[in-house]
Amino acid sequence: MATIRHSLQRDVFEPTEERLIGVLYVTKPGKKKKTSFLCATINKEKPVSATVHQVKKTDKDIYKKKNSWLLRELQVVDGRDENKDTAELDLTFDRVYKWVANSTPDKNAFIQVLWKLCCRYLPKQKPQFINVPADLIEENATFAENGDVTTAAFDTVEAALEDEGDYRALSEKEQIDLERLMEQCDSAVSNAEAFAEQLSRDLSVLDGANIHSMMASEAQVEALMDMIDEAYTEAEKIETRLDSYDEILQHVKDSIEKMADKNTSIEQTNANNSKLLEELDKLINQLELPQRHQQVLLEADLNKTGSLPQIIEAAMALQTAISAPIPTHLSQLQAVQDQKKRFEKLKSRFSQIISRHLNNLFIHLGNDPGETLSLHAEQLTLPRHGSIHTELSPYTSLMHWVRALDHKAYQHLNKTYANSISKLYERDIRLFFEEARQRISGGRRLRGSGSSQDLASMAGVAGKLTSQIKHGAQTLSTRTTTGALLGVDRDLWGSELDMQERQKFDEIFERVLSELQPVCLAEQEFCIAFFNLNAAGTEENLSYILGTKSRTSSVGERSLSHWATVASKVTGCNPSVWLSMAQKAPSSVASTPGSSGSEESSGSAGTSFGVSAAGTPGQCRLVNREVRAMMVALFTTLEQQLNSFINTYDRADSYCCLYIYVRLSEHVLTAEDTGSFLSTTFGSCLVQAKRNFDRFMNSQLQSVQECRVTKKKCGIIPFINNFEDFCHTAESVFKKSERRADLDKWYVRLVMAMFEHIPRVASEHQRTPPEVIKMENYHVLHQLMFQLKLPGMDAQRKEAKQRYQEALNAYVTQYFGRPLEKLNLFFDGVTAKVAGGVKESEVGYQLAFSKQELRKVIKEYPGKEVKRGLDQLYKKVEKHLSEEGNLLQVVWRAMQEEFIRQYKLIEDLIHRCYPGAMINLEFSIDDILNYFSDIAQSH
């Protein structure tokens, strides 16, 4: 085993710088005894780790590692039976490995090696040692009883582990001395035992010399012991003196501790006094108002030039002092309460001065006519009141001061401003809409419009708005009896605007909406900034600003920066803070008002405007109920005037509802601030416009369903004739509009209604064949849809073509019939005989169908007779068809093809049933083509 151990160390573990600690010869249990060696090693480099290897000997007598496991991977060491000597051994790594050792002592020695390695390198993570005798794994056990092999093995482990950290190679000097010693003995190499005996003798001689030397120095040892005794005595003296010093120091320590306690108390008192002084200084600074500010507030004169900045500075200082956060326990101080009373008196006096001055200024600005509407300007323009905003802007800080400190005075000023400025806007808006009506109709009285007194009365009371809308809906339902309806002849249409006037109305209406927007938004922005309408708290503003985003991304970074600036003015925050918060806000998709085709859906969708409307992307919606209430008070008649204007032209021309619906939709969908008062107003009008649009389309649909034709010759039905103009007008209005989908839905409904009611009109008309009516109208409808190229109408266009073709075939079949009637009857009999089993070649032998009978029948249809019959048929077709349909030649061509088909069928039967009889009709296909051509040209 020693030879094998040496070979393993040299061949296997020296190249990997490992040291072999233990080795065990094992075999696999079973019939096939596969031998191998279990080796426990440690590496020479630090940190040291232990490894268990399975080494096999190959056929070429070379040792080779098969498996290797780190010692920390070892989970269980199983000796199989602790009470019975057995050579079986189980080690559990990633799985259980079963081996049989060469002998039980060898197995026990290897288990001891594993135990020592685990104790040294895995003190806290030892594997389980089960079924192993207890004396094998005790660190202080006596190993003499285990035999020489076990004891030797354990000594080897101890020596290896002890030498692990102290191993040191021979130095060069030691190597030279060893070589010199070996040279002195000739047998040092040849006879190692003799060399070892010589070294032992030399060592004994040296030991004896050392003992004699130590005995000779006994006197010196005794002298040394005496000196040690004296040193011990001196040490005891020094220790006694140190004890006395320690007692003295203990007294000093107690005194110092008492002095430290007193010093801490003094420092705590000084700290409390300093904090009290700081708190009092802070309180005095918060409640202190310089005398110069008090003097300015008491003698404030807002009419004096240049005094406003000083007054604002003093007012802000007073607001800061009043709003200072004073702790509750300090507020109970008498001095604090007295100072607050002085501030309240000063605040009340200064608030009266501000309120009186601003109240007079509001009334003066409301009575000043300022900029008025120019009746002779090239463009219709609503006057701006930027001069009023400019004049009031310097007082913004004072108005914020009043809102913060005197709410009653603020409410009074708010009401005074609204009452005074609303007079200007009421006058301007009334004149603005009157000028718009004048530019559209030139003073001409429109259908369904009232007198000027009626228009003036409609602008009087806000409560009449609902009745106006209901009245507009009733008049719309009654006006359709004389309006431009699809199912009514144009001769019965009432007086409406022409196309030029409609375009003029569209331009003026767009101008009206465009002019209202900047005026209302400018006033709203001014009111927000001047009256600090969103001062309920920064968090509330943030919920308005970041709570919504719009369905489109049409507004750019400029608007975002603009509203961030407005928000910063209102709340006092940095604009960059508002900008970053708005950019991080989640987007949502708002419902499009009126997206549904029905009135109910349009009405419900329209309610999304106003309070619940979503803002545009990256823009702050700084509009709450207070702002809208302020705008309603300023623009009391705006919604009334706008509805009156819309209803006037909606009654005057049925097609105006299309223009109104499209224009209002564009302004609502592209509004920069959908929560503003103007957007709310436009949204309310858009709901009514959507209802008017749906009602208009429903009236068109109803006119198609109720259409009746009373003319002798039906021709093209009115709703087919009128549909082209209707489509041209609608396409010109809805071109590139986001409401295009609504129109497309109605296109489908109208066309499907036409498909349904063309057969009804055809069956009700007594003088024109139904197939002619269906054929002509389906043809015109198909051509119209093909020319207009209406999107999404491919299926309806194909259906119209199919219906037209079916009607054409039905008409040709019914009225062309079989002009060679006797010939057709003769060959019907021939066909029946063939179907009954008679051969085609034997049909001629039948008495009723003989060649002589066939010749008699053919003689009855000479070419002149056939041409005369076709001429009479042409006159009948010409009488049935109308000039509007322009289908005479088409129908005549279809009849020609039908005649040729019947001719070919008869010719084919003659050749098959009467072969070689030399029987032919008296006219050919060329004759038929000439007959049809001559008849068509003659008429």
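**Figure 1. Thr-86 in the loop between strands S5 and S6.** Thr-86 sits in the loop that joins strand S5 (76–78) to strand S6 (88–92). This is a predicted model, in which local features need pLDDT of at least 70, side-chain atom pairs count only at pLDDT 80 or more, and totals for chains, interfaces and linings use all residues. Residues are numbered from 1 along each chain as its sequence is written, and side-chain values use heavy atoms, with hydrogens and water left out. Helices (H or I, at least four residues) and strands (E, at least two) are DSSP runs, numbered from the N terminus. Thr-86 is buried, at a relative accessible area of 16%. Buried means under 20% relative accessible area, exposed over 50%, and partly exposed in between (1.4 Å probe, protein chains only). Neighbours within four places in sequence aside, Thr-86 is in contact with Gly-79, Arg-80, Asp-81, Thr-104 and Lys-107. Contact means heavy atoms within 4.5 Å.

**Figure 2. The open sheet of 8 strands.** The strand order is S4-S3-S2-S1-S7-S6-S5-S8, and the pairing is mixed. Two strands pair if DSSP finds at least two bridges between them. S4 and strand S8 (128–130) are at the edges with a single partner strand each, so one side of each has no neighbour in the sheet. From one strand to the next, the twist averages 30°. Axes are lines fitted to C-alpha atoms, for helices over the stretch in contact, and angles run from 0 to 180 degrees between N-to-C directions. Helix H1 (residues 2–13) lies across S1, S2, S3 and S4 and runs at about 120° to S1.

**Figure 3. Strand S1 and its partners.** In strand S1 (residues 18–27), 8 of the 10 residues are buried, so the strand is largely enclosed by the rest of the structure. S1 and S2 run antiparallel and are joined by 9 bridges. Arg-19 has Ile-42 as its bridge partner in S2. S1 also pairs with strand S7 (residues 96–101), in the antiparallel sense, over 2 bridges. There, Val-26 has Ala-101 as its bridge partner in S7.

**Figure 4. Phe-37 and Tyr-63, an edge-to-face pair.** The ring centres of Phe-37 and Tyr-63 are 6.0 Å apart and the planes stand at 70°, so the pair is edge-to-face. Rings of Phe, Tyr and Trp (its six-membered ring) pair if their centres lie within 6.5 Å; planes under 30 degrees apart count as stacked, over 60 as edge-to-face and the rest as tilted. Phe-37 belongs to strand S2 (residues 35–43) and Tyr-63 to strand S4 (residues 63–70), 26 residues apart. Phe-37 is buried, with 6% relative accessible area. Tyr-63 is buried too, with 14%. Strand S3 (residues 50–57) joins S2 through 6 bridges, and the two run antiparallel. The bridge partner of Phe-37 in S3 is Val-55.

**Figure 5. Helices H13 and H16.** The axes of helix H13 (residues 407–441) and helix H16 (residues 499–530) come within 10 Å and cross at roughly 170°. That makes H13 roughly antiparallel to H16. Angles under 35 degrees count as roughly parallel, over 145 as roughly antiparallel, 65 to 115 as roughly perpendicular and the rest as oblique. Residues of H13 in this contact include Tyr-417, Phe-432 and Arg-439, and those of H16 include Phe-505, Glu-515 and Phe-526. By class, the contact of H13 with H16 has 13 nonpolar, no polar and 5 charged residues. Ala, Val, Leu, Ile, Met, Phe, Trp, Tyr, Cys and Pro count as nonpolar, Asp, Glu, Lys and Arg as charged, and the others, Gly among them, as polar.

**Figure 6. Aromatic rings around H16.** Phe-505 and Phe-645 form a stacked pair, 6.1 Å centre to centre with 20° between the planes. Phe-505 lies in helix H16 and Phe-645 in helix H22 (residues 638–652), so the pair ties together parts 140 residues apart in sequence. Phe-505 is buried, at 0% relative accessible area. Phe-645 is buried, also at 0%. One aromatic cluster is formed by Phe-362, Tyr-410, Tyr-417, Phe-526, Phe-530 and Phe-531.

Figure 7. Asn-532 is placed in the loop between H16 and helix H17 (538–546). Asn-532 counts as buried, at 10% relative accessibility. Its C-alpha atom is separated by 7.9 Å from that of Met-399, 133 residues apart along the chain.
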